[in-house]
Amino acid sequence: MGEVKDVTAAYSEALVEVGLADPRVMALDADLPDSCMTEPFYRACPGRAIDLGVAEQSLPTFAAGLALVGKVPFYNTFAVFAVGRSFDMIRLSVAYARANVKIVGHAAGLSLGYAGPSHHALEDVAMMRALPGMVVLQPADAEECRQMVWWMKDYAGPVYLRLTRARVPDVHAAGWRFEMGRTEQLREGCDVTLYTTGDLWVQALRVAERLAGEGIGVQVVNVSTLKPLPPGEIVRHAQATRCGTTMEDHHVVGGLGSAVAEVYAEFVPERALRRLGIRDTFTESDDYDVLRAHYGLADEDVVTAVHSLLGSS
Amino acid sequence: MERNVLPLKTELNPERDQAFVRDLMLKAVAVRRQIVEMGHHSRIRLHYGALMGMVEMVTLLYFHWLDVRPEDPAWPERDRFVLSKGHGAPSLYAVLAERGFFDRRHFDRFRRLGSILQGHPDRLKTPGIEASSGSLGQGLAVACGMALGAQLDDAPWRVYCLVGDGECNEGSIWEAGLIAGNLRLGHLRVLLDRNLKSSYGPMAGRNDVEPLADKWRAFGWAVFEADGHDFCDLSQKLARAEAVEGQPSLVICHTLKGKGIPFVEHYPAKPNILLTEEQYRECLDVLCRAEEEVRKGPSPRPSPCEGEGEGPSPRSRTPLRRGLRAALPCWEGEGEGRGG
């Protein structure tokens, strides 16, 4: 593993790169250019960055208007508002209209731990997955984030990019290329598959090492495209192992767990699956890592799930 | 029928441009007739109050204001029009067909599977539709985004948007309005359909939005007021809105729900109805007489649908302006826009 990096900082740099490369690119904010690290774009591409103020529900519609006249707007705010506050606007003016809008939900999941449940974005993937034609992405590391931003610039259609505040090492080697709609095996194993999105692959690899000590073979799969998720991308991993477990910083309803479970139920019903994530509850305030552990994403939770699946607990 | 012979976006004078205005009035009759046929033949309930009330505004836009090319709807330099009050789609469809954006045969499949004419505007299905709308309070913000894009590119085209007064109950309208004022979106002109009613009934005392003009001015907009059924007055106020620089402009268009169809104008409940055969015949008779009035006119004022002399029923004899004034105690009639 490489140096630990801030994925949002990688987004910030990539946004400037695509902005300098393509004059159509714009950045919209809702009073959070500092938190969303879009300030460098304001300096690099003056006139193409607009802060609408505390007006989250206007982000999708303004962005849609800009997109309909040829711009490629990336709009930025905390994920809980980027999606939740303005869902109807996204649904009609962006998704239904197929406007070329790039929605960037920052500090998703439990990232804003101390701010509490008003700021925890735990339903955003569920809402975005439900929209026809919406592409939903969550990068595993800084390099994947950078490549996703370039891909988003060139893709003609609405995309939701989900970013957390996690700092992660690079998992992708030089020369690796992001492919939308593809999953990626990060570790081989024949007993259980751990499906992760975002930074959770770090934890999955750690737990995999521990389980390897017990003689359990763990495959780790990065699912960075949450939609569209072609069934074949899950089936080939599912068939390589006896069972599977999903891990996500999101409610288990509607997110990665649901997406993978849908494939298991339809195509590999003989394989068992567990979903790890926040389980249908409103959260409370505390440190990001403390909350993750508290709400079902501790290493021990993963081990327990795997033992349970393999009948070896 | 006479074609557009005047330069676009020019003020219409009732005497000088008599023939042209008469042509617009005939188009308005044709549009109303098309709306009636649409509802009757499809056997679908339509909100005739809202649809009839906006006919002159949209007719003027598409036949004398917007620089558009029906044969090339995606022409990059075209003016953009966003129908924020998306439930007015059937009126817009009728005008777009009249303007030649698509063939009238599409009305046979109005609001049916596979049709290019959906219940509310769909920019991907209907030639000439610029934005998908139907959830109130969004279209204005989309139009703002377009105007922002035009401003950044110093584009020659402009963005027009029709907003409903009931729609002004949506907080997103005011959020967009505030941002548009702050961004000084001079490429944006909004027509606000002030018919004093939202879907459930009169807004006064319930979900009122007055003082409407003062609110928009306070948000940094140049505001004008017009009789929304008078082509000359509308054109004059729109021309003044066009002259505004460095701020968005808005014309409060005073209208009457159901305009042109007396029984709809006076409908006791919300006129979201399936026309009976009798009502259908009445609509066609009224429109037929309105057309005769226009053709024989010499005076293009007032609107033929409110003919002063030989109206089809006592109700419709009310002259346009008197009728409007009676319905609009807050309206100053010829009042000047203060923000321009």
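**View 1. The two domains of chain A.** In this predicted model, chain A is divided into domain 1 (4-169) and domain 2 (184-310), with bounds that come from an automatic or database domain assignment. The C-alpha centres of these two domains of chain A lie 25 Å apart, and their contact takes 26 residues from domain 1 and 28 residues from domain 2, where two residues are in contact if their C-beta atoms, placed from the backbone, lie within 7 Å. Residues are numbered from 1 along each chain as its sequence is written, and chains are lettered from A in the order in which they are written. Local features need pLDDT of at least 70, side-chain atom pairs count only at pLDDT 80 or more, and totals for chains, interfaces and linings use all residues.

**View 2. Strand β10 of chain A.** Five of the five residues of β10 (residues 192-196) of chain A are buried, so this strand is largely enclosed by the rest of the structure; buried means that 20 or more other C-beta atoms, placed from the backbone, lie within 10 Å of a residue's own, and strands are DSSP runs (E, at least two residues) numbered from the N terminus. V192(A), L194(A) and T196(A) cover one side, while T193(A) and Y195(A) lie on the other.

**View 3. The partners of β10(A).** Strands pair if DSSP finds at least two bridges between them, and five bridges join β10(A) to the parallel strand β11 (residues 218-222) of chain A, with Y195(A) opposite V221(A). β10(A) also pairs in the parallel sense with β13 (residues 243-251) of chain A over five bridges, and there the bridge partner of Y195(A) is T246(A).

Conventions. Buried ≥ 20, exposed ≤ 12 C-beta atoms within 10 Å, placed from the backbone. Helix = DSSP H or I, 4+ residues; strand = E, 2+ residues; numbered from the N terminus.
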